[in-house]
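Open the model in your viewer and keep the selection panel at hand. The tour below says what to select at each stop and what is there.

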Amino acid sequence: MSVVPSKVDRGAVPLLRVEDLSIEFRTRNGTVRALDRLSLTLRRGETMALVGESGSGKSVTAYAVMGINDPAARVTGGSIVFGGLDVLAAEPKVLDEVRGREVAIIFQNPRAALNPIRPVGRQIADILLRHGNVTAAQAPERAVEMLATVRIPDPKRRAASYPFELSGGMCQRVMIALALACEPALLIADEPTTGLDITTQAVIMDLIAELAAAHHMATLLITHDLGLASEYCDTIAVMHAGQVVEIAPTARLFGEPRHPYTAKLIAATPGSRTRLETLASVPGSLPDLRRDDLPACRYSARCERYDDRCAATPVPHHVFGDGAFVACAHPL
Amino acid sequence: MPALIVLRRLASALPSIAGVIVVTFLLTRALPGDPAVYFAGPAASQEAIEQIRHKLGLDRSLPVQFVDYVRSLAHGDLGNSLSTGQPVSQELLTRLPASAELTFLALILSVGIAVPLGIAAATRPGSWVDHACRIITTAGVSLPVFFTGLLLVYVLYYLLGWAPAPLGRLDTFSSPPNFHTGLFLLDSLIDGDFATFRAALAQIALPAFTMAVFSLAPLARVTRASMLAALGSDFVRTAKANGLARRRVVYVYAFRNAVLPVITTLGMVFSFLLGANVLVEKVFAWPGIGSYAIEALIASDYAPVQGFVLTMAMLYVMLNLAIDLIYGLVDPRVRITA
Amino acid sequence: MTEALRHARYVLSENPVTTFAFGLFTFLVLCAIFGPSIAPYDPLASDTAQALHPPSLAHLFGTDQLGRDILSRVIVATRLDLGIAVTSVVLAFGFGTLAGLAAGYFGGWTDRIIGRVVDTIMAFPLFVLAMGIVAALGNTVANIVYATAIINLPIYARLARTEGNVRREAGFVEAARLSGNSETRILLTQLLPNIMPLMMVQVSLTLGYAILNAAGLSFIGLGVRPPTAEWGIMVADGASNIVSGEWWIALFPGLVLMAAVFCFNLMGDGLRDMVDPRQRT
């Protein structure tokens, strides 16, 4: 099986550039403006966390990069360039080649994300046969090798197992094997540890980190857990209601948060040194994204630093070195 | 392990079989008035009636009668037909292949149309195929099968002359093929007798199609619904996210999962089909067990009717068992945990 | 109550098809009630001079072999067919729902016995069972009603049983129990109203199936006897004339039969959308 030359240049700098991306969803109850001029960049080998509350648009962003959003989603502006490839303008056939091969994703709830009536080894082999340089005879062996790479015990026997025979942690390892089968340049992990117990969470995250480092793979980790993000990621991008409010290297973000929302999130995150009583909650809730009259900065309603300038378009971006920035009229 | 699954399923069918036997027994005793009079026939003398009463054991107590009934069943004795004097079981056996051929051809046609239609409707939501599927599904369950049959006869035979006269399994010029299975289509193919094959096919086309139209609706509905569910599932999202080819996603990932509820629905579909069989056999003068029962009904000949009900019920239990087994073998979640 | 009506009106306005079905249903009910008064001719009056006339201004649906006006017979048959269907569904619903609720709620032996009875009914192809019952009990309309009721019972029993099971330990049941209500009272006043919406959907769908069943039985000669006007038996009458080209004798009763069943199915689907939009197909 011949390998189609890739349309994605892994050496591109940056590997992924999302610029001013705006997406809306048409639903029965109105149009949801899910993303508003979202920008972020990711370099080869970099680990970035996309952090925010449920409903802040993290998954929508990830799915947009892969081009797997629901058909009800419409891109109303902006661009996504992955390794030189314009994802939004690319033909479906090109995207099919890229998916699974240059960029891969692992989902939360891994058991539901695997085909329940197909042995896991075959599912890995399917991907290898689709994208990889393997023959039908070699595929099963390579699948077993992948299972060994993600440290599933007794991989040869396990390759014939069905998802319902595996634990949640093992299912997630299988998902990682599926994603990494063709050694993509970018791995997107959408809440990979939700639903797993604490020890398994750590093991899975360690595995991802190790494999990413080994293959010089960029990782985009989507999570609502700031603590998890701080442990595994170089850079953190904080999202609120479809907008990126701050991006900064991890240490600096925690040391010197520049956006009021970031500061609140950090204060609400339990760590080894915080006590339960000192944990603050973030007041208010996400605005209704179906409204026509959303202010330019969607955090306005919950912010104590709010004034009239915050409703003006657009929200001022203050850019610092190495891609860090904050979108706020009154940064800390 | 499969052997164990088979045995366990067989065991679970036993209560149904028992229930069927009890109910059919009760039905033979529920005849209005004196059952002996009915089994002896309208022309019987008082003496003949008493003879029948004694012969059929109707003068004994109910539990004893039941034991006798079960014993006769075990010997394949379903009583004798009043009008022909022949044993009912023999007549049923002779006519069974006709009904079986019709029903199975109808099922194959039905599945052959409904499943692709359901898949197409699910993979092209909002298209004309999707709308056609919805209309067929809703309208299909409303069609009285005997009326559809008559309409088809009127249009395709009387008006257009495309179909042959609804006179049974073969037209007047053809003779039945040599007996191998009793299914004319198969038997004529086995003999390489294409003329008879064509004649048999021409005769069975319309009745089979009538029955197929009837069972099309529930099958198409279930296929479409379960394909939609499968296509929207998390694991299909994973498959798409990994760039798998569309054919593989639709057929290997989505369809193989979607087919499971369809198999389960086949049980209900068979219930419809076996009932529709009777009506279609009347419309098309098809010499199967359905028309046998209808003729017996008109003649107030009760033994054949009860034999027919029992046979149909047993067939149905066996069919459901087969469906259960197939499902158990196809779905690894059942196969492995069993 | 007004909230429900408002919701109903909203769904109807969104669904012209369902509204049409309700309209047709009303029309059929009116035909059933006023049938004999609005029929142009006496449905039983035969006039051999007028036999086998195709549809004309005098006889909109034509006449049959005995010269009877088919339109009148079709109209009058509405009462019989709807009557059979409604009676059998009411019986099936009544006995089935109570049995199912009891089985799910009390569990144990009640559940096992009722379950066994329901399973035995479902072990038969339903139409065949109906044939057997009518053949055994006697060829009367009443027996068609009983047979149709019996074969439709399992659906209600199973639905109700699931509900009974689920609600057995539900909060409001516990509250009722604690305030001293007897078990039967709980069953009737608490559980029953909760499953009514689902049951109504089922009733509508079963009505369609019951009409088909009754017509099918009459078609093969069970239950209704000539000269009674009933859709199924009229189609049977016209069957032998189809091959000689007199299409109207079987066509009109058949079409009206189809329309009635279609109407009930559409209503059932519409009700289902109102009650549980998640079930939409």
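This is a predicted model: local features need pLDDT of at least 70, side-chain atom pairs count only at pLDDT 80 or more; totals for chains, interfaces and linings use all residues.

**Stop 1: chain A as a whole**

Chain A has 10 helices and 12 strands. Its radius of gyration is 20 Å, close to the 20 Å that the globule rule gives for 332 residues, so chain A is as compact as a globular protein of that length. Along the principal axes, the C-alpha atoms of chain A fill a box of roughly 65 × 45 × 40 Å.

Now think about the inside of the chain. How much of chain A counts as buried? The share is 45% of its 332 residues. The contacts can also be sorted by distance along the sequence: among those in chain A between residues at least 6 apart, 66% join residues at least 24 apart.

**Stop 2: two helices in chain A**

The crossing of α3(A) past α6(A) is right-handed.

Show the side chains where the two helices meet. From α3(A), the contact uses A:V120, A:Q123, A:I124 and A:I127. From α6(A), it uses A:V174, A:A177 and A:L178. By class, this contact of α3(A) with α6(A) has 6 nonpolar residues, 1 polar residue and no charged ones.

**Stop 3**

**Stop 4: where chain B touches chain C**

Show all three chains. Chain A and chain C do not touch, and their nearest C-alpha atoms are 13 Å apart. Of the 2 pairs of chains that touch, chains B and C have the most contacts. Their contact takes 41 residues from chain B and 39 residues from chain C.

Select the chain B side of this contact. Several helices of chain B supply at least two residues each, among them α9 (194-231), α11 (246-283) and α13 (302-330). With 8 residues, α13(B) gives the most to this side. The classes on the side of chain B that touches chain C are 32 nonpolar, 7 polar and 2 charged residues.

**Stop 5**

Select B:I5, which lies in helix α1 (residues 2-29) of chain B. B:I5 is partly exposed, with 16 other C-beta atoms within 10 Å.

Move to C:P125, in the loop between α4 and α5 (126-137) of chain C. Is C:P125 buried or exposed? C:P125 is buried, with 25 other C-beta atoms within 10 Å; a residue counts as buried with 20 or more. Leaving aside its neighbours within four places in sequence, C:P125 is in contact with B:S271, B:L274, B:G275, B:M312 and B:Y316. The C-alpha atoms of C:P125 and C:I151 are separated by 9.3 Å, and these residues are 26 apart along the chain.

**Stop 5: two helices in chain C**

Finish with helix α4 (residues 108-122) and helix α6 (residues 141-167) of chain C. Their axes come within 9 Å and cross at roughly 130°. That makes α4(C) oblique to α6(C). The crossing of α4(C) past α6(C) is left-handed.

Show the side chains once more. The residues of α4(C) in this contact are C:I114, C:V118, C:I121 and C:M122. Those of α6(C) are C:I150, C:I151, C:L153, C:P154, C:A157 and C:R158. The contact of α4(C) with α6(C) has 9 nonpolar residues, no polar ones and 1 charged residue.

How values were computed. Residues are numbered from 1 along each chain as its sequence is written. Chains are lettered from A and ligands numbered from 1 in the order in which they are written. Axes are lines fitted to C-alpha atoms, for helices over the stretch in contact, and angles run from 0 to 180 degrees between N-to-C directions. Helices (H or I, at least four residues) and strands (E, at least two) are DSSP runs, numbered from the N terminus. Angles under 35 degrees count as roughly parallel, over 145 as roughly antiparallel, 65 to 115 as roughly perpendicular and the rest as oblique. A crossing is left-handed if the near helix is turned anticlockwise from the far one by less than a right angle, and right-handed if clockwise. Two residues are in contact if their C-beta atoms, placed from the backbone, lie within 7 Å. Ala, Val, Leu, Ile, Met, Phe, Trp, Tyr, Cys and Pro count as nonpolar, Asp, Glu, Lys and Arg as charged, and the others, Gly among them, as polar. The radius of gyration is taken over C-alpha atoms; the globule rule is 2.2 Å times the number of residues to the power 0.38. A residue is buried if 20 or more other C-beta atoms lie within 10 Å of its own, exposed if 12 or fewer, and partly exposed in between; C-beta atoms are placed from the backbone.
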